[in-house]
Amino acid sequence: MKILVCNDDGIDAPGLAVLVDVARQLTDDVWVVAPDGKRTAAGASITVGRPLTMREIEPKRYSCSGTPADCVVTAMSWLFKEGARPDLVLSGINDGRNVAEDLAYSGTLGIAREASFWGIAAIGFSRVKKPEQTANDVKWLADFVRTLWKERDEWVLEGHWLSVNLPTSLPAEIRQPRIGRDKIALTSDVVSNDGDVTVLNVPRGRAHTSEEGDDNDLIDRGYVCVNRLNWFGQAQLDAELLESL
């Protein structure tokens, strides 16, 4: 089994180190490709028509100058061009939950989406800020991923991936939440204003609004939240509307 581990918080992020340890509980064939710095909210964007720099830090471990999704693109189109592709892509563990509108903005989930384009099973992991981490977390997560892999026929579909949000403490019960609404980027702070030039800063964070049963609610109640997502995003139009156009 070959596993590729990527993230959006950068090659030196603590969450990446945890997920690499998880992967190594499952196989000796673990590869890491991660951005050379933090790439929060990069979504699924990729770099085309401009150079990308890949730096081999140690065997099977690379930093990438591009976006989180670039880490998958470069791995598939260059690193594994002549050899077997990974069986599974693990993304994260993101420094902070990914809920509501984050499902579109998240670089962590952008990695998983890109993996689905290449026909590879993918799981994106996110966790609340300042978790109560223990030595048992890696074992619990490894057992979690191992079970998912054994049951992959039940959840792996073309164009789909899993988003997993981890609560403060593990182990924890697992739930499938309703995706809520929790708008980020509600305000812009004026950094400077010089004539017709205004410099703005959109601060990090969100209100953490929630309703009973949504992702924020269940995470705050201490559950591991799992959602299966897809990139299709298609909703059928009424045939009568099309005929009237």
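1. A pocket here is an open set of points, on a 1 Å grid over the protein atoms alone, where a 1.4 Å probe fits, with protein on both sides within 12 Å along at least five of seven lines; its lining residues have an atom within 4 Å of a point. The model is predicted, so local features need pLDDT of at least 70 and side-chain atom pairs pLDDT 80 or more, while totals for chains, interfaces and linings use all residues. Residues are numbered from 1 along each chain as its sequence is written, and side-chain values use heavy atoms, leaving out hydrogens and water.

2. Have a look at the largest pocket, with a volume of about 460 Å³ (the space filled by probe spheres set on the points, which are joined across faces, edges and corners). Among its 24 lining residues, T40, R97, R204, G205 and R206 lie nearest the centre. Strand 5 (88-95) and helix 3 (102-105) are the elements that give two or more residues to this lining; helices (H or I, at least four residues) and strands (E, at least two) are DSSP runs, numbered from the N terminus.

3. The second largest pocket holds about 210 Å³ of space. Its lining includes F144, L148, W155 and R228. Strand 11 gives the largest share, three residues.

4. Finally, L79 sits in helix 2 (residues 68-79). It counts as buried because its relative accessibility is 17% (buried means under 20% relative accessible area, exposed over 50%, partly exposed in between, with a 1.4 Å probe and protein chains only). Leaving aside residues up to four places away in sequence, L79 touches W31, V33, Y62 and T74 (contact means heavy atoms within 4.5 Å).
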